[in-house]
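Here is a walk through one protein model, from the overall picture down to single residues. Keep the sequence and the 3D view side by side as you read.

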Amino acid sequence: MGNGTCKMQLTPYQIPFYGYQIKTISVKESNAIALSTNGVVFTWGTNSRMVSNDDSASGFISSYNPLIVDELYQHKNVISNVYCGERFFVVTSHDAYNILTWGQWCAYTEYKPRIQRVSGMHLGLSRKIHDISCTDKTTYCLLTSGVIYYWKNWEEHGQRLPPQTPCQMSSLPFVRSISSGKSHSACIDVHGNVYVWGIITSPDIINQPNTPLLIGTSNEQTQYTHVKCGNHSLVVLDNDKYLHCWGKNTCNKLSDDNITVFHQLTKMVDNNRLDF
């Protein structure tokens with residue numbers, strides 16, 4: 001969370017969780033959500049809590065200390081994971097079928113979380129949720145079958161959307177992992193190939209909202225295994241534990257060369273092997 005200013009040295013700040021042990025955290029530019037080991041959900045940042053049912057500025061507050069989501073406390077035994085969009089949140093249940101979602105421009109609910117079963121996806125064990133990722137406007141849901149569904153949460157200029165029926169991304173092969181940045185997403189398919197889609201401007205790197213672009217192909221020497229997106233970039237880990245990057249490199253910290261934009265998936269400096 002920040003204003004985009006590059007800072008080479010940051011002082012860690014301990015976040016108070018009032019004695020709860022945290023098992024997972026999800027963060028976007030303006031807000032964050034965390035889940036404790038016993039199922040309690042916390043949110044903090046801009047729009048972390050909704051305090052009225054209007055669109056005025058007084059209806060939203062900022063909190064930089066985590067707050068318990070009271071509406072979910074009674075469901076703490078059924079919550080398995082939490083995900084953060086830009087000013088909206090998504091929570092999944094242990095049975096991997098139910099999605100709870102709320103936030104400023106949320107299509108399904110507005111100010112209080114409630115169970116929302118996504119229509120067309122509860123069709124047996126093959127339709128269970130494997131992972132979820134969120135851009136600033138869209139939620140992507142990866143099922144255990146390797147299929148991705150997506151739905152928009154809000155449009156440009158703050159226009160609310162009616163409840164959206166999830167659409168399948170039929171142009172992708174079966175997928176095993178997914179990640180999202182501010183306005184773009186990436187995935188790795190079952191063959192180890194890396195795809196990216198979405199919008200990154202200034203300069204234009206990609207403008208394909210839901211049309212995946214192949215940027216990395218696995219081969220006998222290099223197998224891509226993990227992908228994670230930043231606001232305007234992504235990094236990919238291969239089977240030899242080397243990092244590859246794509247997208248903006250504003251701070252020039254992803255390479256020995258003074259490159260500000262990677263238009264192709266590019267291996268970082270050779271001494272970057274992660275030994276873990």
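Two strands pair if DSSP finds at least two bridges between them. Strands (E, at least two residues) and helices (H or I, at least four) are DSSP runs, numbered from the N terminus. In these terms, the protein chain holds 1 helix and 20 strands.

This is a predicted model, in which local features need pLDDT of at least 70, side-chain atom pairs count only at pLDDT 80 or more, and totals for chains, interfaces and linings use all residues. Residues are numbered from 1 along each chain as its sequence is written, and side-chain values use heavy atoms, with hydrogens and water left out.

Start with confidence. pLDDT is the predictor's confidence in each residue, from 0 to 100. Its mean over the protein chain is 76, and 68% of the residues reach 70 or more. Strand β13 (residues 175–180) has the highest confidence, at 96, while strand β8 (residues 115–117) has the lowest, at a mean of 49. Residues 107–111 have pLDDT below 50, with 29 contacts in the model beyond near neighbours in sequence. Residues 118–126 are also below 50, and have 21 such contacts. Contact here means heavy atoms within 4.5 Å. Where pLDDT is low, the predicted coordinates should not be read in detail.

Next, the chain as a whole. Of its 276 residues, 49% count as buried. Buried means under 20% relative accessible area, exposed means over 50%, and partly exposed lies in between (1.4 Å probe, protein chains only). The protein chain exposes about 14,100 Å², and carbon and sulfur atoms supply 49% of that area. Accessible areas come from the Shrake-Rupley method with a 1.4 Å probe; for residues, only the protein chains shown count as cover. Among contacts with a separation of 6 or more, 45% link residues 24 or more positions apart.

Now turn to a sheet. Four strands form an open sheet in the order β13-β14-β15-β16, with antiparallel pairing. β13 and β16 are its edge strands, each pairing on one side only. Neighbouring strands are turned by 20° against each other on average, direction ignored. Axes are lines fitted to C-alpha atoms, for helices over the stretch in contact, and angles run from 0 to 180 degrees between N-to-C directions.

Follow β14 (184–189) through this sheet. Strands β13 and β14 pair in the antiparallel sense over 5 bridges. Val175 stands opposite Asp189 in β14. A hairpin of 3 residues joins β13 to β14. On to β15: 5 bridges join β14 to this strand, again antiparallel. Trp197 in β15 is the bridge partner of Ser185, and Val194 in β15 stands opposite Ile188. The β14–β15 hairpin has 4 residues between its strands, and Gly192 in the turn has a positive phi of about 85°.

How many residues of β14 are buried? The count is 6 of 6. In a regular strand the side chains alternate between the two faces of the sheet. Here His184, Ala186 and Ile188 point one way, Ser185, Cys187 and Asp189 point the other way, and all are buried.

A second sheet follows. It is open, has 4 strands in the order β17-β18-β19-β20, and its pairing is antiparallel. The edge strands are β17 (224–229) and β20 (261–267), each pairing on one side only. The twist averages 15° from one strand to the next. Strand β19 (residues 243–248) pairs with β20 over 4 bridges in the antiparallel sense. His244 has Lys267 in β20 as its bridge partner.

In soluble globular proteins, nonpolar side chains tend to be buried together. A nonpolar core is a set of buried Ala, Val, Leu, Ile, Met, Phe, Trp, Tyr and Cys residues joined through side-chain atoms within 4.5 Å. The largest one has 16 residues; Val194, Val196, Ile215, Leu234, Val236, Trp246 and Leu265 have the most contacts inside it. The elements giving two or more residues to this core are β14, β15 (194–200), β16 (206–216), β17, β18 (233–238) and β20. Val236 has contacts with residues including Ile188, Val194, Tyr224, Leu243 and Leu265, leaving aside its neighbours within four places in sequence.

Finish in the segment after β20, where Met268 is found. Met268 is buried because its relative accessible area is 12%. The C-alpha atoms of Met268 and Val235 are separated by 9.5 Å, although these residues lie 33 residues apart along the chain.
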